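Dear colleague,

I am handing over the structure below for your study. Kindly look through it first, and then read the findings that follow.

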Amino acid sequence: MRIHHLRQHKCERHEQHRGRGGHGRHEQSHPEGRARHRRERLFDANDIRLLILHLLANGPAHGYELIKSIEGMAKGEYVPSPGIIYPNLTLMEEMGFITVGEGQSGKKSFTLTAEGQTSLEQQRPELEAVTNRLATLGVLGDNRRLPEVQRAIHNFKTALHAKLGSAELSKETLYKIIDTLDQAAKDIERS
């Protein structure tokens with residue numbers, strides 16, 4: 001069974017979690033009366049399951065090790081929460097893709113089964129796309145951490161906040177700021 005189709009095979013815990021509002025968009029009240037949406041998820045549950053299978057193909061691991069391994073693949077730019085890792089581990093165990101035992105430290109240790117290995121092999125292209133996205137995040141983080149980039153971003157934010165914070169900001173100035181931002185975005189895209 002491919003992990004793609006896990007959405008049709010939800011475990012009882014998953015359904016209970018969903019019934020409590022555990023999925024979907026969370027909204028916060030915004031001062032202007034508009035709803036503000038949470039940042040888009042970088043990886044969905046299927047992506048996480050593929051990464052778990054991939055990591056367990058290298059040997060048994062416990063949940064925290066899986067979290068740290070995924071974080072390492074993204075060079076710290078993405079860290080999956082325990083709230084996405086552990087329910088997926090439970091679901092994958094129920095589906096027969098992994099088994100659970102007790103590790104040396106007394107923590108649960110997860111091991112890939114033959115069925116899990118088969119599922120992983122069937123989804124190599126999808127796994128490659130997910131691992132490429134993680135690698136891209138790592139490159140982004142490396143470049144964003146360059147002192148010159150940090151300084152430029154800080155200067156940009158400071159200047160923008162100072163102008164936008166002015167009570168006497170004219171529409172003409174506001175439109176000029178918008179045009180400048182749009183032009184800067186185009187210049188960066190085309191560089």
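Helices, of at least four residues, and strands, of at least two, are DSSP runs, numbered from the N terminus. Please note that the model is predicted.

On the overall fold, the protein chain contains 8 helices and 4 strands. Followed along the sequence, these elements give the pattern α-β-β-α-α-α-β-β-α-α-α-α. The chain has 191 residues, and buried residues account for 27% of them.

Helix H7 covers residues 147-164 and helix H8 covers residues 171-190; their axes come within 11 Å and cross at roughly 160°. Because angles over 145 degrees count as roughly antiparallel, H7 is therefore roughly antiparallel to H8. The crossing of H7 and H8 is left-handed.

Two residues may also interest you. The first topic is Arg49, which sits in helix H2, spanning residues 45-56. Arg49 is buried but forms no salt bridge. How far away is the nearest side chain of opposite charge? That side chain belongs to Asp44, at 6.3 Å, whereas a salt bridge requires the charged atoms to be within 4 Å.

Lys75 is not a glycine, yet its phi is positive, at about 50°. With a relative accessible area of 45%, Lys75 is partly exposed.

With kind regards

Methods:
Residues numbered from 1 in each chain as written. Predicted model: local features only at pLDDT ≥ 70, side-chain atom pairs only at ≥ 80, totals over all residues. Heavy atoms only, no water. Buried < 20%, exposed > 50% of the residue type's maximum accessible area, 1.4 Å probe, protein only. Lys, Arg positive; Asp, Glu negative; His and termini not counted. Axes fitted to C-alpha atoms, helices over the stretch in contact; angles between N-to-C directions. Parallel < 35°, antiparallel > 145°, perpendicular 65-115°, else oblique. Left-handed = near helix turned anticlockwise from the far one by under 90°.
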